[in-house]
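User: I'd like a close look at one part of this model, the strand pairing. Could you walk me through it slowly and then place it in its surroundings?

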2 protein chains.
Amino acid sequence: MTASSEQKLGATDIAALLRREISKGILHLHDRLPPERVLAETYGAARGTVRKALNLLESEGFVEIRPGSGTYVVHMPADTSSDAVENATPLELMDTRFALEPHICRLSVLHGRRTDFDAMESLCARMETLLDDPVAFSEVDSEFHRALANSTRNGLLIWIIDQIGHVRSQDDWTRMRHLTLDAMTIKQYNAQHRQILNAIRTREPERAANIMKEHLETARLSLTRAAET
Amino acid sequence: MTASSEQKLGATDIAALLRREISKGILHLHDRLPPERVLAETYGAARGTVRKALNLLESEGFVEIRPGSGTYVVHMPADTSSDAVENATPLELMDTRFALEPHICRLSVLHGRRTDFDAMESLCARMETLLDDPVAFSEVDSEFHRALANSTRNGLLIWIIDQIGHVRSQDDWTRMRHLTLDAMTIKQYNAQHRQILNAIRTREPERAANIMKEHLETARLSLTRAAET
DNA sequence: CATTTTTGGTTTATTTTTGGTCCATTTGAG
DNA sequence: CTCAAATGGACCAAAAATAAACCAAAAATG
């Protein structure tokens, strides 16, 4: 949201942008950042503002300011676990989902209960009303896959899918793709969701898993197509 | 509920939307949200309404309002990691590995490099000297599966396997089982590890995946057997 | 080595932005 | 109708951002 539209950037905004570039590895260890005066121009801000941002980053230990010399990336503080989640690429995400979700279908057949399936059913219904609202559709889509994981009654798997959900919502590429979803693609997704749910309800684990693979393959295609645009 | 496009949004609705964006991580910690006047326009509401929503969020601890400066996100999206990971049962763990590791074998064939396979090879060699030391064997076994994940070059998957590794080491049941590993079972594991590595080296993804499934099935049996004791 | 340029550090006066507040009016559900 | 919520506008004070000038030290130059 902060960076969503091109508004005037404040000190904290600039700090956030730089912080992100550092932890994403765009700015490497021991790299020198551009001079304050240059940063000021590139961000369209006054030098004093950039300066405030840099002092923030220094106090956080991201950066070291050497008077007369420059400002240097000194360390990315242990962001520990979530680092991998935040930096995951869309392709990594797809491969991971390919690993997990077909088997989740099988486990859903084994452990899922009526109420789980009913919840998924209502999510399907909601998605079918959203042919023209890609953003809302994507959100409900995430909820559907979450509900599917939930039906395995496997806390570990549910947690992993949740973590993955954070990637999906954070990733710019994915978010952009959501905006380019057309009605036809959404229709196809909806059909696949229905088929998966039906296969699970009729206790056909392998069929459900296979449709899920198709579904993910469809999504992967849409992803690479969006990437080429 | 959450209107897809055009619905009159009340203060509680706006609060809900923002709350969601915060816990989803779209709005990061320390991010400044847009000024009230801008939010008012983007949500199609009056400033007073947005203001009410923000005060709600502040009282909930999601956000900090600094007069003259802006409104800032102050909320660590629940680190549920310890919960789900620590409370996972051995059976949940096995199901999760069943989902992940066969596909990891396929990805290893696609993305793995010589050095990755050499590392796994040396781990195999070490395991083969540990027929009589179940504890040491289990540690190296974990390393092997970690190295296998590593060969996918997929940071997200590697991270997930790491998390799962924490379960394996923390779980009492699993640890006890390790103590009851006999030389014959270890020998069988070693053979399977070798077969998996060879299948990957010869670029046979499905064969590698299938042997991994066998391997996990073996482990699952050993688990249930230990449980009956 | 001496000199020039670059870079961060500091100060100041001024303008813009931002949340805080109040109030008369409109809207919408019970 | 009634009442609570939302609206839209105006104004305030604090905070932040700006713009311009000058300083000192590091780095680059010759």
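Analyst: Let's begin with the term we need: two strands pair if DSSP finds at least two bridges between them. Please keep in mind throughout that this is a predicted model.

With that in hand, look at A:Glu64, which stands opposite A:Tyr72 in strand 3 of chain A. Strand 3 covers residues 70–73, and its pairing with strand 2 of chain A is antiparallel, over 4 bridges. Now step back to the whole sheet of chain A: an open sheet of 3 strands, with antiparallel pairing and the order 1-3-2. At its edges are strand 1 (32–33) and strand 2 (63–66), each of which pairs on one side only.

Next, turn to chain B. There, B:Glu64 has B:Tyr72 of strand 3 as its bridge partner. Strand 2 (residues 63–66) and strand 3 (residues 70–73) of chain B are antiparallel, and 4 bridges join them. These two strands form a hairpin with 3 residues between them, and in this hairpin B:Gly68 takes a positive phi near 85 degrees. The sheet of chain B is an open one of 3 strands, again antiparallel, in the order 1-3-2. Strand 1 (32–33) and strand 2 of chain B have a single partner strand each, so one side of each lacks a neighbour in the sheet.

Read from the N terminus, the elements of chain A run α-β-α-α-β-β-α-α-α-α-α-α-α-α. Of the 229 residues in chain A, 48% are buried. Among the contacts of chain A with a separation of 6 or more, 70% join residues 24 or more positions apart. The chain has an accessible surface of about 11,100 Å², and carbon and sulfur atoms account for 54% of that.

One helix residue shows how chain A meets chain B. A:His103 sits in helix 5 (residues 90–111) of chain A. Its relative accessibility is 11%, which is why A:His103 counts as buried. Beyond its neighbours within four places in sequence, A:His103 is in contact with B:Asp95, B:Phe98 and B:Ala99.

Finally, the DNA. DNA strand D is surrounded by 21 residues, and the closest are A:Gly10, A:Ala11, A:Ala46, A:Thr49 and B:Thr49. Sorted by type, the residues of this surface are 8 nonpolar, 9 polar and 4 charged. Of the DNA strand D atoms within 4 Å of the protein, 92% belong to sugar or phosphate, and bases supply the rest.

Several backbone atoms lie by the phosphates. For A:Ala46, a backbone N or O atom is 2.6 Å from a phosphate oxygen of DNA strand D. For B:Ala46, a backbone N or O atom is 2.9 Å from a phosphate oxygen of DNA strand D. B:Ala11 also takes part, with a polar backbone atom 3.0 Å from a phosphate oxygen of that DNA strand. Helix 3 (47–59) of chain A and helix 3 (47–59) of chain B are the elements that give two or more residues to the surface near DNA strand D.

Notes
Residues are numbered from 1 along each chain as its sequence is written. Chains are lettered from A and ligands numbered from 1 in the order in which they are written. This is a predicted model: local features need pLDDT of at least 70, side-chain atom pairs count only at pLDDT 80 or more; totals for chains, interfaces and linings use all residues. Side-chain values use heavy atoms; hydrogens and water are left out. Buried means under 20% relative accessible area, exposed over 50%, partly exposed in between (1.4 Å probe, protein chains only). Contact means heavy atoms within 4.5 Å. Accessible areas come from the Shrake-Rupley method with a 1.4 Å probe; for residues, only the protein chains shown count as cover. A residue is near a molecule or strand if one of its heavy atoms lies within 4 Å of it. A polar contact is a pair of N or O atoms within 3.5 Å; within protein, one must be able to donate a hydrogen and the other to accept it, and residues adjacent in sequence count only if both atoms are side-chain atoms. Ala, Val, Leu, Ile, Met, Phe, Trp, Tyr, Cys and Pro count as nonpolar, Asp, Glu, Lys and Arg as charged, and the others, Gly among them, as polar.
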